[in-house]
Amino acid sequence: MTLRSSEIYQELRRRILTGELAPGHRLVVRRLSEEFGCSDIPVREALRSLEGDDLIEIAPYRGAQVRIYRPDEVREAYLIRANLEAAATGAAADFVDDETLAQLERLIEQMDDVLSTEDVTGFSALNREFHELIFCACPYRRLQELISNVWDGHVGMVTVMRLHPERLHRSNEEHRAILAALRARDAELASRLACQHKLRVGDDLVAALMEEDERAARTATTDEVPLP
């Protein structure tokens with residue numbers, strides 16, 4: 001990407017992840033080029049990069065829109081992540097050192113801080129750092145790469161967290177339980193807790209999506225104009 005397209009990409013990415021641009025929002029190239037004061041070319045480059053991040057969808061004759069996740073996609077994604085991350089967390093239990101444990105504790109405290117401001121994007125970044133720190137202690141590099149690739153492919157799902165903010169508080173309590181298991185060098189417990197943690201996140205996000213769909217359906221029904 002050129003410098004200009006990179007700037008546009010970063011700004012649109014921020015808007016999507018913070019919820020400023022909601023799922024289904026159309027991204028019109030001409031309007032964006034006018035907003036950013038540039039030609040269509042850097043805007044199209046930025047949109048292609050966002051499509052590569054799976055944050056938007058670009059369809060022929062319809063243009064680009066912010067990605068809408070289906071419940072079955074979220075369920076599958078978190079089933080995959082639960083099993084991969086459970087394996088890595090359990091494997092890390094015998095290798096995680098005291099310095100890493102202290103870092104994990106600090107990250108949990110930082111997540112508590114951002115929760116007070118309902119900063120979902122900030123929490124997501126700290127959450128990823130927390131789990132990646134654990135995975136780095138795992139001796140299996142291929143497993144680490146698989147998890148990183150899967151996580152990158154699901155980055156847009158952080159937008160769903162906005163529909164279920166109370167989940168974040170429970171998530172951080174689960175982080176504390178995982179940390180306690182790692183401190184105890186209990187690989188089996190750490191693995192089981194990591195698996196349960198990720199599956200619960202998936203279940204909550206699926207529930208949030210279904211609730212949002214039901215709310216949208218009720219609104220559509222309410223907005224219908226009655227026949228004379």
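Strands β2 and β3 pair in the antiparallel sense over four bridges, where a strand is a DSSP run of E of at least two residues, a helix is a run of H or I of at least four residues, and both are numbered from the N terminus; two strands are said to pair if DSSP finds at least two bridges between them. The model is a predicted one, in which local features need pLDDT of at least 70 and side-chain atom pairs count only at pLDDT 80 or more, while totals for chains, interfaces and linings use all residues. Residues are numbered from 1 along each chain as its sequence is written, and side-chain values use heavy atoms, with hydrogens and water left out.

### The sheet

The sheet is open and has three strands in the order β1-β3-β2, with antiparallel pairing. Because β1 (26-27) and β2 (56-59) stand at the edges with a single partner strand each, one side of each is left without a neighbour in the sheet. Strand β3 (residues 63-66) is joined to β1 by two bridges, and these strands run antiparallel. Facing residues can be named for both pairings, as the table sets out.

| Residue | Residue opposite, in β3 |
|---|---|
| R26 | Q65 |
| A59 | G63 |
| I56 | V66 |

Three residues lie between the strands in the hairpin of β2 and β3, and there Y61 takes a positive phi near 70°. Most residues other than glycine have a negative phi. Helix α3 (residues 40-52) packs on the sheet and touches β1, β2 and β3, its direction making about 115° with that of β2; contact here means heavy atoms within 4.5 Å, and angles run from 0 to 180 degrees between N-to-C directions, with axes taken as lines fitted to C-alpha atoms, for helices over the stretch in contact.

### Loops with positive phi

In the loop between α3 and β2 is D54, a residue other than glycine whose phi is positive, near 65°. D54 is partly exposed, with a relative accessible area of 24%, the term covering values between buried (under 20%) and exposed (over 50%), computed with a 1.4 Å probe on protein chains only. R185, which lies in the loop between α8 and α9, likewise has a positive phi, near 55°, and is not glycine; its relative accessible area of 35% makes R185 partly exposed.

### Helix α4 against helix α7

The axes of α4 (residues 71-92) and α7 come within 10 Å and cross at roughly 150°. This crossing of α4 and α7 is left-handed, a term used if the near helix is turned anticlockwise from the far one by less than a right angle, as against clockwise for right-handed. On the α4 side, I80, R81, L84, E85, A87 and A88 meet L143, I147, V150 and W151 of α7. The residues of this contact divide into eight nonpolar, no polar and two charged, with Ala, Val, Leu, Ile, Met, Phe, Trp, Tyr, Cys and Pro counted as nonpolar, Asp, Glu, Lys and Arg as charged, and the others, Gly among them, as polar.

Helix α7 (residues 141-153) also holds G153, which is partly exposed at a relative accessible area of 31%. The C-alpha atoms of G153 and L55 are separated by 9.3 Å, although these residues are 98 apart along the chain.

### Nonpolar cores

In soluble globular proteins, nonpolar side chains tend to be buried together. A nonpolar core is here a set of buried Ala, Val, Leu, Ile, Met, Phe, Trp, Tyr and Cys residues joined through side-chain atoms within 4.5 Å. The largest such core has 32 residues, and those with the most contacts inside it are L104, M111, F130, I134 and L182. Helices α4, α5 (98-115), α6 (120-137), α7, α8 (166-183) and α9 each supply at least two residues of this core, the largest share, eight residues, coming from α6. Leaving aside neighbours within four places in sequence, I134 is in contact with T89, A92, L104, I178 and L182. A second, separate core of 20 residues includes L12, I16, L17 and V155.

### A position in α9

Q196 has its place in helix α9 (residues 187-223) and is partly exposed, with a relative accessible area of 30%.
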